[in-house]
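Please look over the protein shown here.

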Amino acid sequence: MGMDAILTIVALVLSAASVVITGLFSIRTARLASELDAEREERMETQSAIKAAERVYEPLAQAAAELQSRIVNIVESGWVPLVQRYKSHGDYAVTSTAYLFANYFGWIEARRQAVLSSSGEGGRDIAVQRLIDTVLQTLRRSVHSEGFLFFTTEQRAIGELMLTWETVTDTGTRIPHVMGYASFTKRFRDDPDFRGWFTPVDSGMELVARGDHRRLIEIQHALVALIDALDPKRKYTVGYDLAPMDLQPSE
């Protein structure tokens with residue numbers, strides 16, 4: 001075999017090797033690019049989920065603060081004096097207390113749906129979720145009594161009844177709206193099925209009227225811990241006394 005033929009064969013082999021190597025590098029480059037894209041998308045989804053959750057941190061913190069404030073009011077003043085105080089306003093004491101629970105459940109549901117619509121989660125939101133779960137478990141637990149006892153599915157159902165979404169046409173952004181007190185009051189008084197979701201408030205008031213505050217104090221402690229995570233600088237809940245109440249034996 002002549003030298004020219006040998007050189008031609010070597011050139012062909014080198015050319016083929018070059019094609020193979022180039023192909024291998026291309027595959028590797030494509031794989032790395034795909035992995036980087038996936039990581040970038042995961043980071044964006046995580047940030048999106050955190051932002052989605054944080055958009056409801058403010059109203060959720062306020063709802064939790066209003067509910068715990070009412071609990072403190074009931075425990076410190078007693079249920080009967082509270083009813084007497086608002087006697088001229090009819091059933092305001094019962095209706096407004098039911099609303100404060102419902103408002104809290106509504107914003108919990110808003111946060112849940114916001115996170116579900118944006119996959120991923122972040123460190124702070126995981127901590128918030130754990131504290132939300134603590135409140136949920138406290139509300140569904142009947143260690144002392146069944147007053148203010150809302151089972152998990154009842155909390156979720158009330159939240160769904162309270163929540164609606166508005167979509168901004170220009171941007172497609174979904175904005176959560178929880179039913180206001182005026183609309184809630186009308187439905188609470190006129191719709192027996194809706195009113196039926198709040199029998200735990202009635203049984204809870206009977207409990208408090210007998211001087212047993214343990215369950216309310218446990219709920220207040222769980223809410224305060226959640227507020228501390230949602231609003232550690234008290235940006236949204238300034239003006240509220242958010243100290244955990246002293247545990248008291250039933251009278």
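## Terms and model

Helices (H or I, at least four residues) and strands (E, at least two) are DSSP runs, numbered from the N terminus. Helix α9 is followed by Gly211, whose phi is positive, near 90 degrees.

This is a predicted model, in which local features need pLDDT of at least 70, side-chain atom pairs count only at pLDDT 80 or more, and totals for chains, interfaces and linings use all residues. Residues are numbered from 1 along each chain as its sequence is written, and side-chain values use heavy atoms, with hydrogens and water left out.

## The fold

How many helices and strands are there in the protein? There are 10 helices and two strands. Along the sequence the pattern reads α-α-α-α-α-α-β-β-α-α-α-α.

Burial is judged by relative accessible area: buried means under 20%, exposed over 50%, and partly exposed in between (1.4 Å probe, protein chains only). The protein has 251 residues, and buried ones make up 37% of them. A contact means heavy atoms within 4.5 Å. Take the contacts between residues at least 6 apart in sequence: 75% of these join residues at least 24 apart.

## Helix α9

Helix α9 covers residues 199-209. Its buried residues are Pro200, Val201, Gly204, Met205, Leu207 and Val208. Seen down the axis of α9, they fall within an arc of 160 degrees, so they line one face of the helix. The arc is that of the directions from the helix axis to the C-beta atoms. An α-helix has 3.6 residues a turn, so residues three or four places apart point the same way.

What do the buried residues of α9 pack against? They pack against α2 (57-77), α3 (79-85), α4 and α10.

## Aromatic rings

Rings of Phe, Tyr and Trp (its six-membered ring) pair if their centres lie within 6.5 Å. Planes under 30 degrees apart count as stacked, over 60 as edge-to-face, and the rest as tilted. A search of the whole structure finds 13 aromatic pairs. One of them joins Tyr99 and Tyr181. This pair is edge-to-face, with 5.3 Å from centre to centre and 75 degrees between the planes. Tyr99 lies in helix α4 and Tyr181 in helix α7 (residues 181-190), so the pair ties together parts that are 82 residues apart in sequence.

Tyr99 counts as buried, at 12% relative accessibility. Tyr181 is partly exposed, with a relative accessible area of 28%. Both belong to one aromatic cluster, formed by Tyr92, Tyr99, Tyr181, Phe184, Phe188, Phe194 and Phe198.

## Ala102 in helix α4

Ala102 also has its place in helix α4. Is Ala102 buried or exposed? Ala102 is buried, with a relative accessible area of 0%. Leaving aside neighbours within four places in sequence, Ala102 is in contact with Ile158, Met162, Phe184 and Phe198. The C-alpha atoms of Ala102 and Gly159 are separated by 6.7 Å, although the two residues are 57 apart along the chain.

## The largest pocket

Rolling a probe the size of a water molecule over the atoms shows where empty space is left. On a 1 Å grid over the protein atoms alone, a cavity is a set of points where a 1.4 Å probe fits but cannot get out. A pocket is an open set with protein on both sides within 12 Å along at least five of seven lines. Lining residues have an atom within 4 Å of a point. Grid points are joined across faces, edges and corners, and a volume is the space filled by probe spheres set on the points.

The largest pocket has a volume of about 320 Å³. Its lining has 18 residues, and Ile108, Arg112, Gln129, Ile132 and Leu136 lie nearest its centre. Helices α4 (92-116), α5 (123-140) and α6 (152-162) each supply at least two lining residues. The largest share, eight residues, comes from α4.

## Two positive phi values

Phe148 lies in the loop between α5 and α6. Its phi is positive, about 55 degrees, although Phe148 is not a glycine. Phe148 counts as buried, at 1% relative accessibility.

Arg234 lies in the segment after α10. Its phi is also positive, near 55 degrees, in a residue other than glycine. Arg234 is partly exposed, with a relative accessible area of 27%.
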